[in-house]
Every structure is written in structure tokens, then in C-alpha cells.
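Here is a short briefing for a first look at this structure. Keep the sequence and the 3D view open as you read.

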Amino acid sequence: MKLRHKKAAAVLACLCILFTMAGCGKGKEIVLTTGLGKNDVFQIGEAVCTLPEAKYLLMQMQQGYDQVYGKELWKQTVNGNTIEEYAKDRVIDRLVEVKCMNLLAKDRQIELTEEEKKTASDTADQQYAALDEETIKSLGVDQESLRSFYQEFALADKVYQELTKDVNTEVSDDEARAVLVQQIFTKSESVANEVVQKAQAGEDFAALAESYNESDEMQKAYGRGEVDSKLEEAVFALANDEISDVVATDDGYYILKCMNNYDVDATDANKVVIANQRKEDAFRKVYDPFVAGLDSELNQELWDSVGNAQ
């Protein structure tokens, strides 16, 4: 059950969550050129991402992935791509965004305090100490570069916080209200008319759903702005235990039974989603125009040569 966002496949969602930081989104698209150094994965503006940085983040992502799903799924495919290929794309997206946010920090004169630098450096030192000699050699990282890496991530986070600090995150109950329903979906109008007559005559709704529902979902929490306006209007007009008439949408026909016209848990969760979206919108209003003016280069051949991080 979710509100205002689409679920990805569980594996892909895990990979996104592992390195999601406030403000994360699709990074600037970078184009293939040949003007980079042999150890540079990409350059955007005056910022360069080196191969050790990218390999280190890929390793961190894979380790987090392995802890949740195990190494055996790393080579599995989703939509034609292996999980490893997906992870490598996300690594580049994330690093592009961090580099851009550091450039934006310079433009906006946002800096880390000495205490913030120390916190990031201490984290880097702890992570470096946990690496064995073979991994250090394989990645090509050193302690000082890892400190800079963690400080860049900390600065990116600070930029996001600074750009969103004035956003109003108070969300009303009405705006976030979620309604929990059981539903029967069919693409046949005649079937829908037959089912609604049975439901409104008192036949067990769950049993009817078991027989007639053509959707994977039988129970769902709806929030505002998620679906066809006709369906939303019908959902939010229902009282508890009330059964709707047939609701015709572009996709097909719905019959709804209201289980809870004010789902507190789902409403509270939706408040968080709405507040975060407001912050994301405020951030993008500044970030996207700034990034659009930056030149970029990608050494695709170098990045393609990187295989399994472990």
C-alpha cells in the first residue's frame, strides 16, 4: 500500500534506498566524449569524478544489496538489465548529483563547518580502516581522497537542507487523507453492472472480488491526486461500509467498498510523502536550472570496463 508514488520492484527499490539522500533524483544527463583523463569517469562543470570514487560507491551499494538479498541475485535481470548494470547507472546518477550540488554550494557560498568536516572525515577514517589491503588496491582509494569523498556527500546534504529549510511542511489532515477501500476492477461494463447489483444486494464483497476482480489489488488506500478524478471523487464520497455505484474510468470499471474513510496510518504516511515532495519541488526549482547550464563529459568505455565490485 502506498500513496503518491509508484513502487519499483523490490530489488530495485532496495538499491535506490541504500543510497538515497534528501533531494536525490535523476541527475543531469552526461554525454560521451573523449576529453577526460584516463582515470576520470566523468566531468561536469569544473568537477571531476574519478574511477576510485565511482568504484567505492559501487562497492558500498553492492554490500548493502548483498546484506538484504544475497549475492546470488546480483546477476539477475530486471527489464532486460542485470541488477549490477542498474546499480552502476544509479552510482553515476548519484555521483553526478553530488558533484553538481557541490558546485551549487560554491555558487551559493554554502560551506561545511569545521565540525561538519571532522564528522565526515571521521566517518571516512572508520570506513577506510575497515578495508583490507586487497580492496584498497582494487579500488585505488587512499584515506585522504576518501575524506574528501565523504565531505562532498555531507556538503551535498547541507545544500539540500539549506535550499529547503523554509518550506512549509505542515500538511492538513484533509490534504493527506487516505481512504481504505476494497475494490473490484473489470474492463467489462456488463460484468461491472452485474457485480454491483450483487454487492449492493448484500453478497459478500470480498467473495465477489475473488471471483470478478481483474486487478492485482483488492484492497488499497487512496490519497488525493493519485488517480482518475472520477475514481477519486467516488472514493472520497464514500462512508464507512458503503458500496459505490459503478465508476467508469478510461482504464475500465470499478466497484468500491469503503473499509475506512479516514485511514490514520496511511494518512500520516501520506503527510510525510507530501512534505517531502514540497521540499523536493523547492530544491529542484533552484537545482535544475543551475545544472542545465553545465557542460558534461562521460568516459563510458572506462565505466563499462568496471565489473563486479567484489
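This is a predicted model: local features need pLDDT of at least 70, side-chain atom pairs count only at pLDDT 80 or more; totals for chains, interfaces and linings use all residues.

Another open sheet has 3 strands.

- Strand β5 spans residues 179–186, and strand β8 spans residues 253–260. The two run antiparallel and are joined by 7 bridges.
- Val181 stands opposite Cys258 in β8. Thr186 has Tyr253 of β8 as its bridge partner.
- β7 pairs with β8 in the antiparallel sense, over 2 bridges. Here Val247 stands opposite Tyr254 in β8.
- β7 and β8 also form a hairpin, and 4 residues lie between the two strands.

- Helix α8 covers residues 189–200. The axes of α8 and α9 come within 10 Å and cross at roughly 160°.
- Angles over 145 degrees count as roughly antiparallel. α8 and α9 are therefore roughly antiparallel to each other.
- The crossing of these two helices, α8 and α9, is right-handed.
- On the α8 side, the contact is made by Val191, Glu194, Val195, Lys198 and Ala199. On the α9 side, Phe205, Leu208 and Tyr212 take part.
- What kinds of residues make up the contact of α8 with α9? There are 6 nonpolar residues, 2 charged ones and no polar ones.

- β2 (47–50) and β9 (296–298) stand at the edges. Each has a single partner strand, so one side of each is left without a neighbour in the sheet.
- From one strand to the next, the twist averages 15°.
- Strand β1 takes in residues 40–44. β1 and β2 pair in the antiparallel sense over 4 bridges.
- To find this pairing in the view, look for Phe42, which stands opposite Cys49 in β2.

**Helices across β1 and β2**

- Helix α2 (residues 51–69) lies across β1 and β2. The angle that α2 makes with β2 is about 60°.
- Helix α3 (residues 83–108) also lies across β1 and β2. This helix, α3, runs at about 40° to β1.

**Ala156 in helix α6**

- Helix α6 spans residues 143–164, and Ala156 lies in it.
- Is Ala156 buried or exposed? Ala156 is buried, because its relative accessible area is 0%, and buried means under 20%.
- Ala156 and Cys100 are 56 residues apart in sequence. In space, the C-alpha atoms of Ala156 and Cys100 are 8.4 Å apart.

Conventions: Residues are numbered from 1 along each chain as its sequence is written. Side-chain values use heavy atoms; hydrogens and water are left out. Buried means under 20% relative accessible area, exposed over 50%, partly exposed in between (1.4 Å probe, protein chains only). Two strands pair if DSSP finds at least two bridges between them. Axes are lines fitted to C-alpha atoms, for helices over the stretch in contact, and angles run from 0 to 180 degrees between N-to-C directions. Angles under 35 degrees count as roughly parallel, over 145 as roughly antiparallel, 65 to 115 as roughly perpendicular and the rest as oblique. A crossing is left-handed if the near helix is turned anticlockwise from the far one by less than a right angle, and right-handed if clockwise. Contact means heavy atoms within 4.5 Å. Ala, Val, Leu, Ile, Met, Phe, Trp, Tyr, Cys and Pro count as nonpolar, Asp, Glu, Lys and Arg as charged, and the others, Gly among them, as polar.
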